[in-house]
Amino acid sequence: MPDDSTEVTAAGIARLAGVGRAAVSNWRRRHAGFPKPVGGTEASPSFALSEVEQWLRDQGKLAEVPLRERVWQQLAGHPGGAVTALVHTGCALLLVRDRPTAWLEITAVSDARMAGVLPSALDHVLADRFGEGRTVPTPTADALLPSVPLLRAAAGLAAETGARQAFDFLFGRQLDANPRQYTLTPPGLAELMADLAKPAGDAARRSGGKSSRTVLDPAAGTGALLCAVGRPTALYAQEADPDLAALTALRLALHAGNRTAGPALAVRTGDTLRADAFPGLAVDAVLCHPPFNERNWGHDELAYDPRWEYGFPARTESELAWVQHALAHLREGGTAVVLMPPAAASRRSGRRIRADLLRRGALRAVIALPAGAAPPYGIPLHVWVLRKPGAEQPPAPELLVVDAAEPETAGAPSGRDRLDWPAVRAAVLDAWTPFDVPGRRDPVEERPGTSRAVPVIELLDDDVDLAPARHLPPPAAGGGAAELVRVRERLDDTLKLTARLTPPPAVPCEPARRPLTTVGELARAGALYLRTGSGAAGGTVPVLTEHDVLSGTAPSGTPSTPAASPEDEPLLLEPGDVVVPVLGGGAVARVVDDATAGAALGRNLQLLRPDPAALDPWFLAGFLRGTANNRQASSYASTATRLDARRLQVPRLPLAEQRAYGARFSALAAFEEALRTAGRLGGQLVQGMYDGLTDGSVAPE
């Protein structure tokens, strides 16, 4: 791989070496031979990537830079900026995938010659995939010249992982590095919205059956919604930001396949509400995650637009403009699924439009998601499911309201990156699938606290408030009085178990002075295996999350991304593994049991897999939890504490003595779990009694 002048920041060095930024700062202070800055600022210097790699190897801190990391650092340090580099990379990966022979011929020449011949080849493949009016311009030879080393490296990464996976990895890194620049639609939410847009029928939705044939996303963003659509015949997207539109077009092209094997693909740039790029287009489905709370959406200049079939939206109701834009692009009977802020269901300024959507049968369902489903993560967003009314179809007499957080997902971890998306998806589809049956005459089963088919006439009052929680009957308190009795019995049994597990009185003794070793030294000696989790997994494998470790619960996570390279392949847990959180600064270590084994290791977790012939896992976990041990192994930033497991210390003891300590630590863990269970059951009983007494389902005697 040819050398280049790519620069890397301290954060990039930390990622290469698998350490925190504080460690990089220490290396700069303590090692005179550490590479000198070649750019950046005094507060945020940058270093030559090649010099950093060599120094890390010389110090034994890096055996070999993973190819994906080198490619990312080349991309992030590109003189034209990361976005330009990513566009060039996406174009090259399209060429690698669609015309591999041509790519090999082009790369057989010098860098300068390669930059000269690439534009013609790229123009051919881009025109073939995007046709006229494409949003991805053909890069010039001068613009491509600094990118040639990056493109060669990216092609090598594609040979290992596939072109689509290579681009997704790099695009994902760009999104992670600039979280405030992009509004993301998480994969779990995108898949749910795509499921809701599929044709009616349980089999099609749940088995990945044929989806809607033509699909439009008028606020495409990063393309997540269209990437979640299964086997479409045509995809249409519009995005206001030209750079993001180009990246999204390349992402969709790499996901969809070439023109002969994949769907037709049209991506356009522009302000959708003011300058619709697809006038007159009628599709089978519209998926949309629009911008929220926009005041400058075109209210003044669009007063007489024909799209406002259900009423002219107020200046404060930009979301209702997007809803009507989506309906305007549907064929009769087509489905639109739109992510909405919860206020759009109840603001008085939108009540007339909501009422007309109900009267004419266009609005079919309002689904409340748990908080943390998508940005802004602090509020529970809604999903509206709409259908274009047919000229000869009577208006739908009911609206389905669903609260996806109750009861199926109640008690599950909530918040960003902690949602149990399979449970959320099951709760929503279990309610939507029987409701969305053509010609249905039988009433839909009502699920207290979760879902209900509400007669439209009940909603057409002065407020037309569509918030699901206001129209759902409350579930029985704590599952009803009988369930409260069972909870009390379980609490009584747990308290008795806690009493039996209470540790005996501590016996004082002189502080032991034992020889110590570190986890890092044990790893180098082969006594244990050390690795940090990626969150990647395959199929339906659950992921053990940081929250699960801290709360002592079963694995509840879903894969964050598919594995982008062999180094990112999921690490499946085995009995006896010890798992330690990276962040938080708390003294926590979890020994994997048979029930947890088989789950994938999540992000922000470090795995220590001891050799049973050298280390007892409970002995190891117990000493890792020592407060003083954690303090000396932690580094501190302005907003977080990061634990470096390699610096944690363990006594050097014979295996027999380790097992004696391990037995005591195991008993303490069982006592801790009993206390945790008792607290959970006690809280459930108390809240259930409050609810039962206040709603009348429990007598006060």
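Modeller: Start with pairing: two strands pair if DSSP finds at least two bridges between them. Strands (E, at least two residues) and helices (H or I, at least four residues) are DSSP runs, numbered from the N terminus. This is a predicted model: local features need pLDDT of at least 70, side-chain atom pairs count only at pLDDT 80 or more, and totals for chains, interfaces and linings use all residues. Residues are numbered from 1 along each chain as its sequence is written, and side-chain values use heavy atoms, leaving out hydrogens and water.

Biologist: How do you know that strand 1 and strand 3 pair?

Modeller: Three bridges join strand 1 to strand 3 (residues 45-48). The definition asks for at least two, so they count as a pair. They run antiparallel. Glu-7 stands opposite Ala-48 in strand 3.

Biologist: What makes strand 1 and strand 2 stand at the edges?

Modeller: Three strands form an open antiparallel sheet, in the order 1-3-2. Strand 1 (7-9) and strand 2 (39-40) each have a single partner strand, so one side of each lacks a neighbour in the sheet.

Biologist: Why is strand 12 called largely enclosed?

Modeller: Buried means under 20% relative accessible area (1.4 Å probe, protein chains only); exposed is over 50%, partly exposed in between. Four of the five residues of strand 12 (residues 451-455) are buried, so the rest of the structure largely encloses this strand. In the chain, buried residues make up 49% of the 701 residues.

Biologist: What makes strand 11 and strand 12 a pair?

Modeller: Strand 11 (residues 398-403) and strand 12 share five bridges, in the antiparallel sense. At least two are needed, so the label holds. Val-401 has Arg-452 of strand 12 as its bridge partner.
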